[in-house]
Each structure stands twice: as C-alpha cells, then as structure tokens.
Amino acid sequence: MSGSPAVVMRLVACAHSVAERAGSIVRKVLHSGELGIVEKTGANDLQTLADRLAQQSICASLSRRFPKITIIGEEELPPEEIREDLIENGHSEEILQKTCPAEFSGLKEEELVVWVDPLDGTKEYTEAARCLHHQTEAQIPHKGSDTSQLHSTALWLLDNVTVLIGIAYGGRAIAGVINQPFYNYQLGEGADLGRTIWGMPGLGAFGFQLQEVPGDRRIVTTTRSHSNKVVTDCVDAMEPHEVIRVGGAGNKIIQLIEGRASAYVFASPGCKKWDTCAPEAILSAVGGKLTDMHGNAYCYHANVKHMNSAGVLATLRNHKYYVNRVPQSVLQALKSD
C-alpha cells in the first residue's frame, strides 16, 4: 500500500487501542467494588461508573484524533473536562499494515459515523459484581451455600460483557471492534485478561478463530433478561435443537462466529444501533448477516432513530431460512422502519 494509510484504517487502528483502554477501565471499576449504579429507565436499564468512564475515554480519545467524525454514544453524559488518564493515544500497528478495501480507501473523516456502546451487558456486569461482592463478605455459611458456584456464575456473567465501537459509512456498518474485558477468566488468577476482535467487510475479521455449528444443528441464542411471548414464540418457530440465553448483543454475535450458535433471534425493539453496528460489521466480514425480523437491513446514518424497532435476526449462514420462519404474528408486532 503506497502513501499513508486510509482514514478508515487509521480510525479502526485507533479504535482497537481505545477499546482495549475501555476494557481495562471496565475491569478496574469492577475490582474497585464502587460501581456507581444508576437506573436509566428501570431496573433492567442500568448505567454504572464503568459505562460513564469508558464512554468518556472512547469518545474523547477518538474525537481528539479525528475531530470531524460523528460519534454517537449510548450514554447521555453532561459535557465536562475529560481526565487525561482516560485518553488513549495508541493504535494497532498490525491494522495499519492491512490493505484497505478499495471501496473504503477514499473515505473522508466527516463521512464516517462511529456508534459506541461503552459497556454492552451492563445488567450482567452488575449481577456479577454482586456475586463477587457476596462471596468476599464475611458471612456465616448457610445450608446449601456454595461460594465456588457463586464465583463461577459471576465469571460466566462477565463473559457476556463487551465494549463495542462500530464505524458506518453511507448508513452501512463498515468496520467494527469488540473488546471482551474478561476473556480468559477460566485461566484463573494472574491470567492476562481481555481480547479484541475486529473486522471489515472486504478485508476479513481478526482476533478469534472462525467456527460454525454443524450443519444439521440449529442452535439459537437469545436474550436472558428481556423476554416476552413474542420473543419466545419467534425462538420456538425456528425449531431449535438448543436455545442459549446470554446477555449482550456483542456476546451473541461472538456465539455465532465461534460456532456456539447458528442464529441470534431477538423479536423485540430492545436493541439499539450502538448494540449492532460493530457486531454487524464483524459478522458481515465473515459472510454473515444481520437484519431486522423482516429481513431488512438497518441503517446507521447519523440522524437515524437509535432503536432497532423491528428486532434483530443475525446468522453466520442460511439467513433466509430463519427469516422465512418468523411467524406472521411477530412480523405484525414489529413494524419495520
């Protein structure tokens, strides 16, 4: 590649390092035990100090380097001076060595929209923190108590947590970065925690090993905390051999690309654009697809409404099969934008 790297490649390279810094902030807040939880719209819609600090870090770090990009973050935060220790100035040299797909090589900074979810899976994050807190309290053991079970539950919940940075152009998700702050927790104390996955259609996806569910198995991943009759009816209509209920949109896409699930089915308007932009770009980079329940693509323009009103249907393969199985009652309940 001649000359300096394309703007979008520089942005992705910076986003990679910025996501890792955000992941370290998420870990640090958990370990401090001071989560600073506030309810946004209710008990299932929480914000923590980690959400706030990670978003400040991501948005300030990227806007300093790329002042003309549009950044849309999940959290509505008051304007304030950002602490210097939250700023990340690094970038991934490995990404800069990649050749930018020709269709994106001439993009300008002002044409790019960045969608940020600083902590996807906040509910699981707070539940895990409570588990870990109870485990460390000096309590008189009661019948049936099992601290090791509590510990493993907390760690499983933390695996649901991700940091999402998605990049869009012309309404399309064209690059995504997902950081899993607690990846590798199974290795125990002293393990090097965290990993960062990234991808771009036309270039590929990196930071994980692509795997598929065996062709004769239908494994559906769906919400663990936002279910209702429409959601369960839609999951049942897919005739799955197995259903995996986990938190976080980013985590569900990881289930698809690592061969633990064949489809992510969420027939509800609960997801937002910052939940799906980065995961969709990575999924697209490996030949997968993310749409609403009608099979229509979502748009990521700067001025679109944030809610994914018609649900989310994502697959690594055989997308049409799953779209065709969505019940009419579900389609009527979820109007396409």
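Colleague: Which strands does helix H7 (residues 249-257) lie across, and how is the helix angled to E11?

Modeller: Helix H7 lies across E9, E11, E12 and strand E13 (312-315), and runs at about 150° to E11. That angle is taken between N-to-C directions on a 0 to 180 degree scale, with axes fitted to C-alpha atoms, for helices over the stretch in contact. Bear in mind that this is a predicted model: local features need pLDDT of at least 70 and side-chain atom pairs 80 or more, while totals for chains, interfaces and linings use all residues. Numbering runs from 1 along each chain as its sequence is written, and side-chain values use heavy atoms, without hydrogens or water.

Colleague: What makes E10 and E12 edge strands?

Modeller: Look at the order of the open, mixed sheet: E10-E9-E11-E13-E12. Strand E10 (242-245) and strand E12 (289-291) each have a single partner strand, so one side of each lacks a neighbour in the sheet. A pair here needs at least two DSSP bridges. E9 (residues 219-222) and E11 (residues 263-266) run parallel and have 2 bridges, so by that rule they pair. Within them, threonine 221 stands opposite tyrosine 264.

Colleague: Which strands form the other open sheet, and which are at its edges?

Modeller: That mixed sheet has 6 strands, in the order E3-E4-E5-E6-E7-E8. Strand E3 (70-73) and strand E8 (204-206) pair on one side only. Neighbouring strands of this sheet are turned by 15° against each other on average, direction ignored. Helix H2 (residues 49-65) packs on the sheet, touching E3, E4 and strand E5 (162-169), and its direction makes about 155° with that of E4.

Colleague: Why is the pair of tryptophan 198 and phenylalanine 206 called stacked?

Modeller: Rings of Phe, Tyr and Trp (its six-membered ring) pair within 6.5 Å; under 30 degrees is stacked, over 60 edge-to-face, the rest tilted. Tryptophan 115 is in strand E4 (residues 112-120) and tryptophan 274 in helix H8 (residues 273-285), so the pair ties together parts 159 residues apart in sequence. As for your pair, the centres of tryptophan 198 and phenylalanine 206 are 4.6 Å apart with planes at 25°, so they are stacked. These two residues also stand opposite each other, with phenylalanine 206 in E8.

Colleague: How do you know that tryptophan 115 and tryptophan 274 are buried?

Modeller: Buried means under 20% relative accessible area (exposed is over 50%, partly exposed in between; 1.4 Å probe, protein chains only). Tryptophan 115 has 0%, so it counts as buried, and tryptophan 274, at 7%, counts as buried too. Ring pairs also link Trp115, Trp274 and Tyr300 into a cluster.

Colleague: Which residues does UniProt list for "binding site", and how far apart are they in space?

Modeller: The unreviewed UniProt entry lists Glu74, Asp117, Leu119, Asp120 and Asp275. They spread over 202 residues of sequence, yet cluster in space, with a largest C-alpha distance of 9.7 Å. Leucine 119 and aspartate 120 both lie in strand E4. Leucine 119, at 1%, counts as buried; so does aspartate 120, at 6%. Beyond neighbours within four places in sequence, the contacts of aspartate 120 include Asn160, Gly248 and Asp275, where contact means heavy atoms within 4.5 Å.

How values were computed: Helices (H or I, at least four residues) and strands (E, at least two) are DSSP runs, numbered from the N terminus. UniProt positions are given in the numbering used here, feature names are shortened, and annotations may be inferred rather than shown by experiment.
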